[in-house]
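User: I have a new structure to look at today. Can you walk me through it?

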Amino acid sequence: MSASRKDDHVRLAIEQQDTHRGTNQFDEVSFVHHALAGIDREDVSLATTFAGISWPVPIYINAMTGGSEKTGVINRDLAIAARETGVPIASGSMNAYIKDPSCAGTFSVLREQNPDGFVMANVNANATVENVWRAVELIRADALQIHINTAQETAMPEGDRSFSTWAGQIEKIAAAVDIPVIVKEVGNGLSRQTVLALKDLGVSVADVSGRGGTDFARIENGRRELGEYAFLHGWGQSAPACLLDAQGAGLPLLASGGVRNPLDVARALALGAHGVGASGGFLRTLLDGGVDALIAQLTTWLDQLAALQTMLGARTPAGLRHCDLLLHGSLRSFCADRGIATGPLARRSSTAETPHQTGSTR
């Protein structure tokens, strides 16, 4: 059943890519254009460092799949693309391996095909410390992702219905492992309150993984005969909203969810992310054109991100946090309701101010 469910996830995720492409709240973030801000391309670096982690590029292939024969082939090709481009990669949930060791090869292929790359294991918040170590050791993981996904579990026919132990288990895992621990949502976003709680639990990094990309509540509802959980479609906050909400919360942030192109990557980095992940769009490219097409897409994204940094005058991804930004529409309304000052974002190239919780949007 687990293998069948993993294949269903891929099929339904691709259907979303085909039918739900369009705008999201990244479109409500724009850079103020300064015509003399540009620098020389040779002075631009894509390297990013956070929580003791150093990546050569700030783009990563986020958690997708594993656990069946078909998804093992996908993981093999994703790992090859990561190896050829230097892009970090995360495993899909390894719960399938924890339950059924016979599917180990569908995950270990990530390391076999990418022996020197940065690879992240992925487990759920119910995993025991013993099982976490099994997952980490299987792929010789450089970091551990713990996913939290109450909306997905609620819509999932066979999903969990008990969430009260998650925080305590995350704390136990974070204390027990000797690699960075990243807690991520799966497409519904992390609020400021959640990020603050994760910091107290000893987590190293938070991946806000917001609404706007693959919708796992929609995927799980698609597996229901009656589709009676349609009211959970689109649940949560977007990645831009989460990044703004979590400014100053004290944890390094990664961003994923709804990232469609290098401009969205630059927007997320400018909003405070140290790295930016994508899944669904990369999966669509891989299944349509094969591993060579995905390598070409990743290479193009990296080249275009460097071009954006050159134009904006940002020598590093972190330098984008000093670029002036304008917020529009519903994202600006979110900031007003959450007490996040938007004015300083538009003037920070000259004032070095950063957004903060003030109770005012002026």
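User: Which residues of helix 2 and helix 4 meet?
Analyst: On the helix 2 side they are G72, N75, R76 and A79. On the helix 4 side they are T106, F107, V109 and L110. Keep in mind that this is a predicted model.

User: What kinds of residues make up the contact of helix 2 with helix 4?
Analyst: Four are nonpolar, three are polar and one is charged.

User: At what angle do helix 2 and helix 4 pack?
Analyst: The angle is about 10 degrees. Their axes are 8 Å apart. Angles under 35 degrees count as roughly parallel, so helix 2 and helix 4 are roughly parallel to each other.

User: And helix 2 with helix 12, at what angle do the axes cross?
Analyst: They cross at roughly 100 degrees and come within 11 Å. The range from 65 to 115 degrees counts as roughly perpendicular, so helix 2 is roughly perpendicular to helix 12.

User: Which residues make that contact?
Analyst: Helix 2 brings I74, D77 and L78. Helix 12 brings L283, L286 and L287. Five residues of this contact are nonpolar, none is polar and one is charged.

User: You mentioned D77. Which residue 215 places away along the chain has its C-alpha atom 9.2 Å from that of D77?
Analyst: That is D292. D292 lies in helix 13.

User: Is D292 buried or exposed?
Analyst: Exposed. Its relative accessible area is 60%, and the cut-off for exposed is over 50%.

User: Then which residues of helix 13 are buried?
Analyst: There are several, among them L294, I295, L298, W301, L302 and L305. Q297, Q309 and T310 are also on the list.

User: What covers them?
Analyst: The cover includes strand 1, strand 4 and strand 11. It also includes helix 2, helix 11 and helix 12.

User: How far apart are the end C-alpha atoms of helix 13?
Analyst: They are 31 Å apart. Helix 13 has 22 residues, and at 1.5 Å a residue they should span 32 Å, so the two values agree.

User: What follows helix 13?
Analyst: G313 does, and its phi is positive, near 80 degrees.

User: New topic: the largest nonpolar core. Which residues there touch the most other members?
Analyst: I61, L144, I146, I170, L198 and F282 do. This core holds 95 residues. Helix 13 gives the largest share, nine residues.

User: What does I61 touch, away from its neighbours in sequence?
Analyst: Beyond four places in sequence, I61 is in contact with L78, A82, V87, P88, I89, A90, A278, F282 and L298.

User: Now S91. Is S91 buried or exposed?
Analyst: Buried, as its relative accessible area is 0%. S91 sits in the loop between strand 5 and helix 3. Its contacts beyond four places in sequence include A63, M64, F107, L110 and M120. F107 and L110 belong to helix 4.

User: Last one: N221. Where is N221 found?
Analyst: In helix 9. N221 has a relative accessible area of 5%. Buried means under 20%, so N221 is buried. Beyond four places in sequence, N221 touches A155, G227, E228, Y229, A230 and H233.

Technical notes: Residues numbered from 1 in each chain as written. Predicted model: local features only at pLDDT ≥ 70, side-chain atom pairs only at ≥ 80, totals over all residues. Heavy atoms only, no water. Core = buried A, V, L, I, M, F, W, Y, C linked by side-chain atoms within 4.5 Å. Buried < 20%, exposed > 50% of the residue type's maximum accessible area, 1.4 Å probe, protein only. Helix = DSSP H or I, 4+ residues; strand = E, 2+ residues; numbered from the N terminus. Contact = heavy atoms within 4.5 Å. Axes fitted to C-alpha atoms, helices over the stretch in contact; angles between N-to-C directions. Parallel < 35°, antiparallel > 145°, perpendicular 65-115°, else oblique. Nonpolar A, V, L, I, M, F, W, Y, C, P; charged D, E, K, R; others polar. Expected span 1.5 Å × (residues − 1).
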